Protein chains: 2
Amino acid sequence: MSRKVITISREFGSGGRSIGKMVAEKLGYAYYDQALVELIAKESGYSEDFVEQRGEDATSKSSFLFNLSRSGGTGGNYDGVYAISDKLYVLQHNIIKRIAAEGPCVIVGRCSDYILKDEESCLHAFIHADTDFKADRIVRLYGEREGSPEKRLEEKDKKRQVYYKNYTGRTWGLSMNYDLCLNSGKFGIEKCAEIIAELAKV
Amino acid sequence: MSRKVITISREFGSGGRSIGKMVAEKLGYAYYDQALVELIAKESGYSEDFVEQRGEDATSKSSFLFNLSRSGGTGGNYDGVYAISDKLYVLQHNIIKRIAAEGPCVIVGRCSDYILKDEESCLHAFIHADTDFKADRIVRLYGEREGSPEKRLEEKDKKRQVYYKNYTGRTWGLSMNYDLCLNSGKFGIEKCAEIIAELAKV
């Protein structure tokens, strides 16, 4: 059978977005990455920047509570901030379900693997790579920033991991949650896209 | 580059051994599964049955201690039993290092992914599948046994998970520890072997 929807989850810097785009081109599928952020922003009324930050790697409730208790904050802020994150997650969930039903597409990130886990015609992929490959890539793509590239990678993935656990109850990157997982640093971006497109037809 | 050594880790019933054998045939590599057990048995002096049981899914130290405390046993037994498991692990480690250095091969299980994690010319694969696929497979291959097939799957994998954690400190099945992970239930045994053999040449 041909898989109508492909979800790509990925470590920061592993090239998952580029791979997703290539797969969509190879198969002639719609591609949802920034387009998904735009949809969520439009339907929620929040800015794209805000949605991008909060829709995939929000701080965990527990660490947020920890920070609050250190700063002497109150539960009021907690409720307010998490009402927004939870609202965004529900909206994101509904939009992902809707676009998956509309037609063949590739969706990058945003817990789409979990949201579509029971859909028979989906293929769920996870992309990861070793630190050197990812560090080199983010410096080339996004330039130097505050903090070492290694630290940036670690922080970003930690947030994704916590966000994923928070909203799905599952372990981010555990192979059993995906149909295939690939090391893009070992095989290269193009080869990963080729394999995913091939397996989407099985 | 061509990967000289391929390690296959797998959930019980997922067909990882069959896949490993097919990959070895496709590439003309030596195949170590039962042959590895035989080597360990020969060099340790223990029987193949004993090595098979204790070299991959021994009870964890903590649960063993728990059982001992319930049964009123003493620390003496603990030391004796774990001296054997640890001795087998060290022997297994040395044999895996040696056969990997001897020439191209496929090695199934026994923490070989961890033992060879720093070898540049290796490819590490993990095979998993959904419960229905695995349950059907173990009943066809090994027949009905005491306990439901689902229970047998769960118990066997739990032991592998604990053994792996105990000797490697890592999480069994976490995609970042392997170069590729495949759902054999989704793609089929033959296709998984084909993909691994293909990626061994990248």
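The model is predicted: local features need pLDDT of at least 70, side-chain atom pairs count only at pLDDT 80 or more, and totals for chains, interfaces and linings use all residues. Residues are numbered from 1 along each chain as its sequence is written, while chains are lettered from A and ligands numbered from 1 in the order in which they are written. Chain A has 10 helices and 5 strands. These are DSSP runs numbered from the N terminus, with helices being H or I of at least four residues and strands E of at least two.

**Chain A overall**

- Of the 202 residues in chain A, 43% are buried. Buried means 20 or more other C-beta atoms within 10 Å of the residue's own, exposed means 12 or fewer, and partly exposed lies in between; C-beta atoms are placed from the backbone.
- Among contacts in chain A with a separation of 6 or more, 72% link residues 24 or more positions apart. A contact requires C-beta atoms, placed from the backbone, to lie within 7 Å.

**Arg3(A)**

- Arg3(A) sits in the segment before β1 (5-10) of chain A.
- Arg3(A) counts as buried because it has 23 C-beta neighbours inside 10 Å.
- Leaving aside residues up to four places away in sequence, Arg3(A) touches Ser121(A), Cys122(A), Leu123(A) and Ala200(A).
- From Arg3(A) to Gly109(A) the C-alpha to C-alpha distance is 17 Å, across 106 residues of sequence.

**Helix packing: α7(A) and α8(A)**

- Helix α7 (residues 131-142) and helix α8 (residues 149-168) of chain A pack at about 100°, with axes 9 Å apart. α7(A) is therefore roughly perpendicular to α8(A).
- Axes are lines fitted to C-alpha atoms, for helices over the stretch in contact, and angles run from 0 to 180 degrees between N-to-C directions. Under 35 degrees is roughly parallel, over 145 roughly antiparallel, 65 to 115 roughly perpendicular, and the rest oblique.
- Thr131(A), Lys134(A), Ala135(A), Ile138(A) and Val139(A) of α7(A) meet Pro149(A), Glu150(A), Arg152(A) and Leu153(A) of α8(A).
- The residues of this contact comprise 5 nonpolar, 1 polar and 3 charged. Ala, Val, Leu, Ile, Met, Phe, Trp, Tyr, Cys and Pro count as nonpolar, Asp, Glu, Lys and Arg as charged, and the others, Gly among them, as polar.

**Chains A and B**

- The contact takes 17 residues from chain B and 17 residues from chain A.
- On the side of chain B that touches chain A, β4 (122-128), β5 (180-183), α9 (184-187) and α10 (189-199) each supply at least two residues. β5(B) gives the most, with 4 residues.
- That side of chain B has 10 nonpolar, 4 polar and 3 charged residues.

- Strands pair if DSSP finds at least two bridges between them.
- Strand β5 (residues 180-183) of chain A runs antiparallel to β5(B), joined by 3 bridges. Leu180(A) stands opposite Leu182(B).
- In chain B, 4 bridges join β1 (residues 5-10) to β3 (residues 105-108), which run parallel. Val5(B) stands opposite Cys105(B).

Methods. Two residues are in contact if their C-beta atoms, placed from the backbone, lie within 7 Å.
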